[in-house]
Amino acid sequence: MKVVVLGSGSYSGTPKPLCTCENCSRARTNPALRRTRFSLYFDKTLVDPSPDLHYHLERLDKKVERVLITHGHFDHVFGLPELQVFKRVEFYSHREALEVAKGLVRLAFESESPSGHEWSYHELEFWKETRIGDMKVTHFPVVHTITAGGFVVEAKGKRIAVTGDTGPEILKDERTIKLMEGADLLIAEMTHREAIPGSHLGVKEAIELAKRVGAGYTVFAHISHSNYPHEVLERKVRESGVAGEVARDFTWVEV
Ligand SMILES: [Zn+2]
Ligand SMILES: [Zn+2]
Ligand SMILES: [Zn+2]
């Protein structure tokens, strides 16, 4: 199964308009260093419809049937109306994120489905394994600035764990680490150089999490323009001994 990180960046993307930091300056002249906002795709499933979704969809050129939402922050959901190219879409998340999703759809289409479409919204209870088509999905809570969660998805005999945005508190959360343990693929956030409690992981914490989870392969994503340059992050991951890589936009792995 092919898993694609459509967007590898955090809320302001890289380059951030008007920012003159090293990453933003370099990204303006080298498109390979640009980072759009975080989104993930596998098996007709989209995780987080980012504000860059139109660009992601036209480049991916594949059908989306279901959408898992980690949380209601704008960088993870505000591209949602772009899904109007698909008639039938099922949305899954906790209540707060679903309310944000529905609100955006009402704003764009004056109802909870674009005209002639069949869109549906399904609330997930944290920790409860839910069958969605052929997949088994568990939404687990994380500590972030609003209600937020990650996912462990079992699809086609493979387990994929996605942290979503999370504070470093996840490292002390044995239940969550146990759930993610031994996944075939871990998609871990690595937003900042240094962790921000209750908000985001730093490089050290993201690598520590990858070690604790012990996934077959880890891809680090949701990287801020103010983080280290890409090649420095890659070196840090390589030196840690973790089997994995730092995402660029459209990085894909086969699991
Ligand atoms: Zn985010
Ligand atoms: Zn910058
Ligand atoms: Zn967030």
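Entry 1. I began with D165, which counts as buried because its relative accessibility is 2%, under the 20% cut-off. The model is a predicted one.

Entry 2. I next asked which atoms coordinate the zinc ion (ligand 3). The donors are H71 (NE2), H73 (ND1), H144 (NE2) and D165 (OD), at 2.2 to 2.3 Å. I noted their spacing along the sequence as H-x1-H-x70-H-x20-D.

Entry 3. I then looked up what makes the arrangement around this zinc ion (ligand 3) irregular. The angles subtended by its four donor atoms run from 92 to 166°, so the arrangement is irregular.

Entry 4. I returned to D165 and found that this residue bridges two metals, the zinc ion (ligand 3) and the zinc ion (ligand 1), which are 3.6 Å apart. H71 and D165 link distant parts of the chain, 94 residues apart. H71 sits in the loop between strand 4 (66-68) and helix 3 (74-77), and D165 in the loop between strand 10 (158-162) and helix 5 (174-180). I recorded H71 as buried, with a relative accessible area of 0%.

Entry 5. I turned to the zinc ion (ligand 2), coordinated at 2.1 to 2.3 Å by C19 (SG), C21 (SG), C24 (SG) and H225 (ND1). In sequence, these donor residues follow the spacing C-x1-C-x2-C-x200-H. The angles among the four donor atoms are 107 to 115°, and the site is tetrahedral. For reference, the ideal angle for four tetrahedral donors is 109.5 degrees.

Conventions:
Residues numbered from 1 in each chain as written. Chains lettered and ligands numbered in written order. Predicted model: local features only at pLDDT ≥ 70, side-chain atom pairs only at ≥ 80, totals over all residues. Heavy atoms only, no water. Donors = N, O, S within 2.8 Å, 3.2 Å for Na, K, Ca; no water. Tetrahedral: all angles 85-135°; square planar, octahedral: opposite > 155°, others 65-115°. Helix = DSSP H or I, 4+ residues; strand = E, 2+ residues; numbered from the N terminus. Buried < 20%, exposed > 50% of the residue type's maximum accessible area, 1.4 Å probe, protein only.
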